[in-house]
Amino acid sequence: MAFRIALSGLDAASTDLDVTGHNIANASTVGFKESRAEFADIYANSISDVSSSVPGRGVRVTRVAQQFAQGSTEFTSNNLDLAINGEGFFVMEDSAGDTTYTRAGAFSVDRDGNVVDHTGARVQIFPRIGTTGTLFNTGDTSDLNLPVVSGTPQATSDIDATLNLSAAEQPPVVTLDPTAPTFTFPPDPQSYNHSTATTIYDSLGTAHTTTMFYSKVADNQWNVFTFVDGVNVTVGGNAFADVQFTTAGALDTGVGDVDALGNVAIDTFNPGGGAADITTLTFDYSATTQFGSGFSVNELSQDGFTSGRLSGVDVDGTGVVFARFTNGQSEPLGKIAMARFSNNQGLRQIGDTSWAESFASGDVQLGEAGTSSFGLIQSGALENSNVDLAKQLVNLITAQRNFQANAQVITTADAVTQTVINIR
């Protein structure tokens with residue numbers, strides 16, 4: 001009997017050594033969670049046995065329990081490296097369509113634009129609802145795919161021009177004559193007081209240089225001439241917009257070519273190159289002033305853009321993935337799907353630092369980072385292995401001593417058996 005007891009001890013100590021060795025081997029594996037061997041004693045009783053005098057039958061391994069303590073965070077220079085600070089797992093889908101879960105967020109992009117891990121499993125997100133806004137369908141998941149271009153360009157419809165036109169200015173020496181055959185860009189420098197320029201876009205995303213010339217006519221009254229690619233565009237059939245100010249220096253709305261909201265509407269014109277007519281272009285001069293200080297441009301912006309190519313990806317703490325494009329636009333692609341389980345230790349290990357759902361783990365619960373008990377996501381970071389090397393080295397020594405002690409039991413039992421055999 002002592003042989004069997006000692007053999008069970010050797011087997012248990014060997015398992016402990018295996019578990020400890022596995023932990024040490026993965027001390028630098030991103031997202032790895034250490035395990036520990038757990039044991040229980042063995043008693044074999046029968047109905048006729050006296051419980052107080054029944055010797056034990058040895059030891060057995062009850063389970064190898066995974067330890068899901070948080071690993072330390074290491075920051076990287078890759079925005080697609082993601083770490084979870086708190087509970088939860090990334091949801092992955094492999095090539096066979098099976099769903100797996102991982103804490104290893106070292107992601108990259110495959111040839112099809114999918115964000116994947118080192119096995120090729122695809123990161124799952126909650127897709128965006130519609131084409132605008134940041135509402136996401138948390139009842140469904142899809143692959144995180146990075147678009148090559150930002151999509152359809154947007155024609156400019158509004159130019160926000162916040163200026164100060166100096167009240168101290170005098171009308172220019174030369175008067176602009178829109179009826180003259182030489183009325184082209186650029187006008188005589190002596191025929192206007194100041195100018196500004198910006199870029200607008202047509203329906204095809206083609207850029208056009210738009211220049212505005214500000215010419216004082218009289219006190220509190222200015223003419224604004226607008227040229228697109230050197231061609232004058234009209235306002236109400238005239239070559240210029242009549243813009244007037246109050247004696248307090250504020251824009252006089254509802255007067256001249258300025259509507260009640262402070263906008264100046266440009267007549268329909270065709271930018272050429274096969275693009276559609278621009279029919280809704282307006283200049284917002286509502287915040288423009290005429291004070292005694294010098295001419296200044298506080299803001300000159302427009303709402304159009306061309307198509308752009310992907311230039312980068314950002315992921316915020318709640319898991320929203322934003323694609324940045326060369327046209328200056330940013331588009332939310334979706335929200336990283338998170339998973340959790342009632343019993344993490346019941347998850348089935350499948351290798352490659354991944355787990356699969358099991359009966360013991362309970363059903364998967366999907367959710368969003370930063371909600372309920374789901375942790376936050378850190379972009380440009382990885383969660384290191386949670387293995388404590390110092391602790392594992394101590395465990396190694398302990399397992400070795402246990403193995404040696406059980407081997408000594410076999411040696412002793414063998415000596416006792418040999419003594420019995422030698423009785424004559």
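Analyst: A residue is called buried under 20% relative accessible area, exposed over 50%, and partly exposed in between (1.4 Å probe, protein chains only). The model is predicted: local features need pLDDT of at least 70 and side-chain atom pairs pLDDT 80 or more, while totals for chains, interfaces and linings use all residues. Residues are numbered from 1 along each chain as its sequence is written, and side-chain values use heavy atoms, without hydrogens or water.

Nine salt bridges are found in a search of the whole structure, each being a side-chain nitrogen of Lys or Arg within 4 Å of a carboxyl oxygen of Asp or Glu. One of them joins the side chains of Lys-33 and Glu-383, with 2.5 Å from N to O. This pair links distant parts of the chain, 350 residues apart: Lys-33 lies in the loop between α1 (2–25) and β1 (35–42), whereas Glu-383 belongs to strand β28 (residues 381–383). Helices (H or I, at least four residues) and strands (E, at least two) are DSSP runs numbered from the N terminus. Both Lys-33 and Glu-383 are buried.

A further salt bridge connects Arg-63 with Glu-38, whose closest N and O atoms are 2.8 Å apart. Because Arg-63 is in strand β2 (residues 58–66) and Glu-38 in strand β1, the pair ties together parts that are 25 residues apart in sequence. The two partners fall into separate accessibility classes: Arg-63 counts as partly exposed because its relative accessibility is 40%, whereas Glu-38, at 17%, counts as buried.

Arg-324 and Asp-314 form another salt bridge, with their closest N and O atoms 2.6 Å apart. Here Arg-324 sits in strand β21 (residues 320–325) and Asp-314 in strand β20 (residues 310–315), 10 residues apart. Arg-324 is partly exposed, with a relative accessible area of 30%; Asp-314 is likewise partly exposed, at 28%. Through salt bridges that share partners, Lys-33, Arg-103 and Glu-383 are joined into one network.

Ser-8 is buried, its relative accessible area being 15%. The Ser-8 side chain reaches the backbone oxygen of Ile-5 at 2.6 Å. Leaving out residues up to four places away in sequence, Ser-8 touches Arg-57, Gly-58 and Val-59, where contact means heavy atoms within 4.5 Å.

Gln-349 stands opposite Trp-355 of β25. The two strands form a hairpin with two residues between them, and Asp-352 in the turn has a positive phi of about 55°.

The largest nonpolar core holds 24 residues, and Tyr-214, Val-243, Val-264, Phe-269 and Tyr-285 have the most contacts inside it. Such a core is a set of buried Ala, Val, Leu, Ile, Met, Phe, Trp, Tyr and Cys residues joined through side-chain atoms within 4.5 Å. Two or more residues of this core come from each of β11 (158–164), β13 (207–218), β14 (221–228) and β16 (240–244). Beyond its neighbours within four places in sequence, Tyr-214 is in contact with residues including Leu-163, Tyr-192, Trp-222, Val-224, Tyr-285 and Phe-295. A second, separate core has 23 residues, among them Ala-121, Leu-144, Ile-336 and Ile-377.

Definitions and conventions:
Two strands pair if DSSP finds at least two bridges between them. A polar contact is a pair of N or O atoms within 3.5 Å; within protein, one must be able to donate a hydrogen and the other to accept it, and residues adjacent in sequence count only if both atoms are side-chain atoms.
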